[in-house]
Amino acid sequence: QSIPFFIAFIGLEFVVSWVQKRKLSGRINDGISSLSLGILSRLPDVLFRSVDLISYIYVWNNYRLFELPWDSPWTWYLTLLGVDFVYYCFHRISHEVNILWAAHQVHHSSEDYNLFTALRQSVLQKYTSWILNLPMALFIPPSVFAVHLQFNLLYQFWIHTEVITNLGPLEWILNTPSHHRVHHGRNPYCIDKNYGGTLIIWDRIFGTFEAEDAKVVYGLTHPVNSFDPIMLQLRPLAHIWNTFWATPGFCNKLSVIFKGPGWGPGKPRLGLPEEIPVITGKEVPFNPSVPAYLNCYAVVHFAVIMDLYTELLGTVTTLSQGTILLRIGFIILSLTSFGLLMENRQAKAGILEIIRCLVFVAVYKFGYFRSQFSSLGYAYEV
């Protein structure tokens, strides 16, 4: 239900950015990459129920100590604080524990900062974050928890923008675009700062707050330089795997997994601050030159995939498991192909795209795919 609002706000951001700076707020290749990662992160929910809610309801049904009234305002205020504090804790852990950072870094991999970036999410992170929510299940009703879990996530969409500068006194309490720009920066002063979700008070209390100062350069300290959504999800795990086997000593191997991403033998838990690459201000984002017609092609075909994806979400309860798996497989194939196109790897992308289009026509003819707009059926085949 939030997808139309996301699209509307992204369009508004483009307009405001053009009025303010006479430039658009993002790039086609990075935007498609962010949206691809967002779609990829939601595909498991098509097949499985939310692990957050399943585990929470199980603890509530079997182990709750007492029950706060769901219709009391104080229950809602407490849940707001509880959900946001848990988010702060898990978010901080995700930066300070290497195996969790391998999942979370997907969200930080964009070198742009706009509303597209908000949708750039990890497939794997949701399968660990649920654990910290369980203490609330001892007394907070699942219905109230479920609402605040969504509110907390939706709030964080709008703070991924450069078109909003400073919000005055609200900067003391709320997580704002200014605070979150710092969090996404790879400048040394930005590293491991401003973990808050809705509120910034936790960072102020626990010493992880940093105000926006020098111009923020976005992305990872060691950029991945790829628009392939599968590569962006899996490359950090491959790096941990290789480092694990190359590091001598059992304790050191465990440290590779459970200490910070900057750790190495003889270093402190989170690594050495002086090893963070210096920002010169001349950093150039990864931006392979792609012909204009190829950008247009990718945008049009991505719009088709968005149509198929939203149609899948709306009809999943009426589809067979085989049809769902076929659609998911085709969406993943398509997103991978678009990533290769945006990297201008036309040798591989061309072959993959021919296969993808042939598969699309075949399965569309047999009725395994349906558009939300029946009038576009023939256009899609063409």
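This is a predicted model: local features need pLDDT of at least 70, side-chain atom pairs count only at pLDDT 80 or more; totals for chains, interfaces and linings use all residues.

Reader: How does the span of helix 15 compare with the span expected at 1.5 Å a residue?

Author: Helix 15 runs over residues 346–365 and has 20 residues. At 1.5 Å a residue, 28 Å is expected. From the first C-alpha to the last, helix 15 is close to that value, as it reaches 28 Å.

Reader: Do the buried residues of helix 15 lie on the same side or on opposite sides?

Author: The buried residues are A349, L352, E353, R356, F360, V363 and Y364. Around the axis they cover an arc of only 105 degrees, and therefore they lie on the same side of helix 15.

Reader: Which exposed residues does helix 15 carry on the face turned away from its buried side?

Author: A residue counts as exposed when its relative accessible area is over 50%. On the face of helix 15 turned away from the buried side, the exposed residues are A347, I351, I354, L358 and K365.

Reader: Which helices are included in what covers the buried residues of helix 15?

Author: The buried residues of helix 15 include L352 and F360. Among what covers the buried residues of this helix are helix 13 (292–315), helix 14 (321–342) and helix 16 (377–381).

Reader: Which residue just after helix 15 takes a positive phi?

Author: Helix 15 covers residues 346–365. Just after this helix, a positive phi of about 85 degrees is taken by G367.

Reader: Is E343 buried or exposed?

Author: E343 lies in the loop between helix 14 and helix 15. Its relative accessibility is 11%, and buried means under 20%, so E343 counts as buried.

Reader: With which residues is E343 in contact, leaving aside its neighbours within four places in sequence?

Author: E343 belongs to the loop between helix 14 and helix 15. Once neighbours within four places in sequence are left aside, its contacts are S226, F227, D228, F286 and P288.

Reader: What is the relative accessible area of N344, and what does it say of this residue?

Author: N344 is found in the loop between helix 14 and helix 15. Although N344 is not a glycine, it has a positive phi of about 60 degrees. Its relative accessible area is 30%, which lies between the limits of 20% and 50%, so N344 is partly exposed.

Reader: Is N194 buried or exposed?

Author: N194 has its place in the loop between helix 9 and helix 10. Its phi is near 55 degrees, a positive value in a residue other than glycine. Because its relative accessible area is 0%, N194 is buried.

Reader: With which residues is D192 in contact, leaving aside its neighbours within four places in sequence?

Author: D192 is found in the loop between helix 9 (177–183) and helix 10 (201–206). With a relative accessible area of 24%, D192 is partly exposed. Apart from neighbours within four places in sequence, D192 is in contact with H95 and T208.

Reader: How far apart in space are M231 and G339, C-alpha to C-alpha?

Author: M231 has its place in helix 11. In sequence, M231 and G339 are 108 residues apart. In space, C-alpha to C-alpha, the two are apart by 9.4 Å.

Reader: Which residues of the lining lie nearest the centre of the second largest pocket?

Author: This pocket has a volume of about 1200 Å³. Its lining residues divide into 21 nonpolar, 19 polar and eight charged. Of the 48 residues that line the pocket, those nearest its centre are W101, T221, H222, P261 and G262.

Reader: How many of the residues of helix 5 are buried?

Author: Helix 5 (98–108) supplies at least two residues of the lining of the second largest pocket. The buried residues of helix 5 include W101 and H104. Helix 5 is mostly covered, and of its eleven residues the number buried is ten.

Reader: Which residues lie nearest the centre of the largest cavity?

Author: Rolling a probe the size of a water molecule over the atoms shows where empty space is left. A search of the whole structure finds one cavity of 30 Å³ or more. The largest cavity holds about 110 Å³ of space. It is lined by 14 residues, and those nearest its centre are S109, S110, E111, N225 and S226.

Note on methods. Residues are numbered from 1 along each chain as its sequence is written. Side-chain values use heavy atoms; hydrogens and water are left out. Helices (H or I, at least four residues) and strands (E, at least two) are DSSP runs, numbered from the N terminus. The expected span of a helix is 1.5 Å times one less than its number of residues. Buried means under 20% relative accessible area, exposed over 50%, partly exposed in between (1.4 Å probe, protein chains only). The arc is that of the directions from the helix axis to the C-beta atoms. Contact means heavy atoms within 4.5 Å. On a 1 Å grid over the protein atoms alone, a cavity is a set of points where a 1.4 Å probe fits but cannot get out, and a pocket is an open set with protein on both sides within 12 Å along at least five of seven lines; lining residues have an atom within 4 Å of a point. Grid points are joined across faces, edges and corners, and a volume is the space filled by probe spheres set on the points. Ala, Val, Leu, Ile, Met, Phe, Trp, Tyr, Cys and Pro count as nonpolar, Asp, Glu, Lys and Arg as charged, and the others, Gly among them, as polar.
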